[in-house]
Amino acid sequence: MTAPDKAHQRIIFPLDVPTKVEAVRFAKLLKDSVGVFKIGLELFVAEGPSVIEAVKATAPDAKIFFDMKLHDIPETVKRAMRSATKLGVNFITVHCDNASLMEAAHEAQSNDCIVLGVTVLTSLSREGLREVGISPELRDPSKLVMHRAELAKRAGLGGIVCSALEVASIKERFGSKLVTVTPGIRLADKKILNDDQRRVATPYAATKDGADYIVVGRPIRDAEDPLKAAEVIAKEIEEALTDKK
Ligand code: C5P
């Protein structure tokens with residue numbers, strides 16, 4: 001799968017809001033400024049499958065990223081995947097620290113729906129990896145991301161989620177064989193209050209280094225003018241794509 005043609009279509013906006021009403025409000029506002037709406041735990045737990053229908057009806061040209069980050073025994077993941085694909089979503093996430101889980105998830109993959117492996121959360125630093133008992137030789141996030149990307153590729157997944165700090169080496173290793181999605185995106189001149197993201201980069205740097213899609217949440221959601229923020233981000237992506245040529 002190749003990256004979208006237009007810069008704004010590379011922006012994944014997480015609908016990290018608690019209600020369908022707010023999700024639809026953002027979908028209506030941003031439908032021509034981003035390419036993908038991400039529905040994650042907060043919204044799905046609150047509203048269930050009907051929120052996916054509502055977002056699709058509001059923004060029919062946008063893709064839907066169903067960010068459940070599944071992590072369970074293979075049979076459970078396989079069955080959850082079957083249910084998820086019936087919802088008509090374009091991306092689904094699973095954690096990628098377990099080969100048989102990913103193989104089970106892979107069965108759900110089709111031309112219309114890509115399964116993405118979440119390698120190492122962008123909120124985790126080296127210290128976080130030490131805390132959860134990752135062995136010293138893999139405690140460097142870039143090493144662990146590469147290790148898990150290998151597992152994802154071997155299991156047949158279509159792409160991975162990693163930080164922009166690792167995306168260049170992932171692209172060098174896998175080229176277009178793995179779609180890369182990078183969260184932890186921050187604008188150079190804007191700080192986020194109490195930010196939990198640790199491995200961060202700008203839209204320009206992430207795209208220049210090879211991200212096919214970037215996830216940008218709070219820099220758009222909490223901006224005074226979210227539409228303007230999305231425009232600024234699309235412009236940065238455009239510049240990076242031009243500089244890459
Ligand atoms: O831009 P912001 O930090 O607000 O984006 C947060 C979103 O990115 C959340 O929806 C979170 O689930 C998602 N995400 C992440 N790290 C990952 C995968 C997804 O932050 N590895």
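The face of helix α1 turned away from its buried side carries the exposed residues Val-21 and Lys-28. Here exposed denotes over 50% relative accessible area, buried under 20%, and partly exposed in between, with a 1.4 Å probe and protein chains only. Helices are DSSP runs of H or I with at least four residues, strands are runs of E with at least two, and both are numbered from the N terminus. The model is a predicted one, in which local features need pLDDT of at least 70 and side-chain atom pairs count only at pLDDT 80 or more, while totals for chains, interfaces and linings use all residues. Residues are numbered from 1 along each chain as its sequence is written, and side-chain values use heavy atoms, with hydrogens and water left out.

Helix α1 spans residues 20-30, and its buried residues are Ala-23, Phe-26, Ala-27 and Leu-30. These residues line one face of the helix because, seen down the axis of α1, they fall within an arc of 100°; the arc is that of the directions from the helix axis to the C-beta atoms. The cover over them includes the strands β1 (11-14) and β2 (36-39), together with the helices α2 (41-47), α3 (50-58), α10 (218-221) and α11 (226-244). Contact, here and below, means heavy atoms within 4.5 Å.

Helix α3 is also the place of Ala-57. Ala-57 counts as exposed, at 62% relative accessibility.

The N-terminal end of α5 is capped by Asn-98, with a side-chain oxygen 3.1 Å from the backbone nitrogen of Ser-100. A polar contact is a pair of N or O atoms within 3.5 Å; within protein, one must be able to donate a hydrogen and the other to accept it, and residues adjacent in sequence count only if both atoms are side-chain atoms.

The ligand is surrounded by 16 residues, of which the closest are Asp-16, Lys-38, Arg-186, Gln-197 and Arg-218; the criterion is a residue heavy atom within 4 Å of the molecule. A polar side-chain atom of Lys-69 lies 3.2 Å from an oxygen atom of the ligand, and one of Thr-122 lies 2.8 Å from a ligand nitrogen atom. Gly-217 places a backbone N or O atom 2.8 Å from an oxygen atom of the ligand. Taken alone the ligand exposes 460 Å², and the protein buries 87% of that; accessible areas come from the Shrake-Rupley method with a 1.4 Å probe, and for residues only the protein chains shown count as cover.

In the loop between α9 (203-208) and β8 (213-215) is Asp-212, a buried residue with a relative accessible area of 10%. Beyond its neighbours within four places in sequence, Asp-212 is in contact with Ala-3, Pro-4, Arg-10, Lys-171, Leu-178, Val-179 and Thr-180.

The structure holds zero disulfides, a disulfide being a pair of cysteine sulfur atoms within 2.5 Å. For Cys-113, the nearest cysteine sulfur is that of Cys-96, 16 Å away. Cys-113 counts as buried at 3% relative accessibility. For Cys-162, the nearest cysteine sulfur is again that of Cys-96, at 9.7 Å, and Cys-162 is buried with a relative accessible area of 1%.
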